[in-house]
Amino acid sequence: MKEIKRAFATGRKRIGMPELRFHDLRHTVASWLLNEGYTLKMVQTILGGTQITTTARYAHLEKGATAEAMSRSLGKLARRRPDAAEKEEVRQKVKGIA
């Protein structure tokens with residue numbers, strides 16, 4: 001463990017960020033994952049967390065990614081046109097209800 005700490009300290013100094021902590025990297029990775037659309041549960045698993053409440057601290061980062069994912073999905077649905085078989089299936093269901 002001492003070797004890891006020493007290497008991390010050396011790396012921080014080399015990049016000019018001596019105040020950087022391991023936790024900062026954890027937060028960055030969580031941010032990236034959430035912005036890519038991963039769920040909190042997935043991020044918890046990837047980061048090795050045991051409590052979802054701890055991972056939920058990053059939830060505020062998820063909102064933009066969620067909105068973007070919804071927008072992409074809705075855009076795909078809006079561009080998709082049902083084929084003849086799907087239209088007929090809907091007609092039959094409607095007849096069954098009426």
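Visitor: Why is Phe8 called buried?
Guide: In this predicted model, Phe8 has a relative accessible area of 16%, and because buried means under 20%, Phe8 is classed as buried.

Visitor: Why does Phe22 count as partly exposed?
Guide: The relative accessibility of Phe22 is 44%, and since buried requires under 20% and exposed over 50%, with partly exposed in between, Phe22 counts as partly exposed.

Visitor: What makes Phe8 and Phe22 an aromatic pair, and why is the pair called stacked?
Guide: The structure holds 1 aromatic pair. The rings of Phe8 and Phe22 lie 4.1 Å centre to centre, where pairing asks for centres within 6.5 Å, and their planes are 15 degrees apart, so the pair meets the limit of under 30 degrees for stacked. The pair links distant parts of the chain, with Phe8 in helix H1 (residues 2–14) and Phe22 in helix H2 (residues 22–35), 14 residues apart.

Visitor: How do you know that the buried residues of H3 are on the same side?
Guide: The buried residues of helix H3 (residues 40–47) are Leu40, Val43, Gln44 and Leu47. They cover an arc of only 105 degrees around the axis, which puts them on the same side of H3. In general, an α-helix has 3.6 residues a turn, so residues three or four places apart point the same way. The face of H3 turned away from this buried side carries the exposed residues Lys41 and Thr45.

Visitor: Why is Thr55 called buried?
Guide: Thr55, which lies in helix H4 (residues 52–55), has a relative accessible area of 4%, and because the cut-off for buried is under 20%, Thr55 is classed as buried. Leaving aside neighbours within four places in sequence, Thr55 is in contact with Leu40, Val43 and Gln44.

Terms used. Residues are numbered from 1 along each chain as its sequence is written. This is a predicted model: local features need pLDDT of at least 70, side-chain atom pairs count only at pLDDT 80 or more; totals for chains, interfaces and linings use all residues. Side-chain values use heavy atoms; hydrogens and water are left out. Rings of Phe, Tyr and Trp (its six-membered ring) pair if their centres lie within 6.5 Å; planes under 30 degrees apart count as stacked, over 60 as edge-to-face and the rest as tilted. Helices (H or I, at least four residues) and strands (E, at least two) are DSSP runs, numbered from the N terminus. Buried means under 20% relative accessible area, exposed over 50%, partly exposed in between (1.4 Å probe, protein chains only). Contact means heavy atoms within 4.5 Å. The arc is that of the directions from the helix axis to the C-beta atoms.
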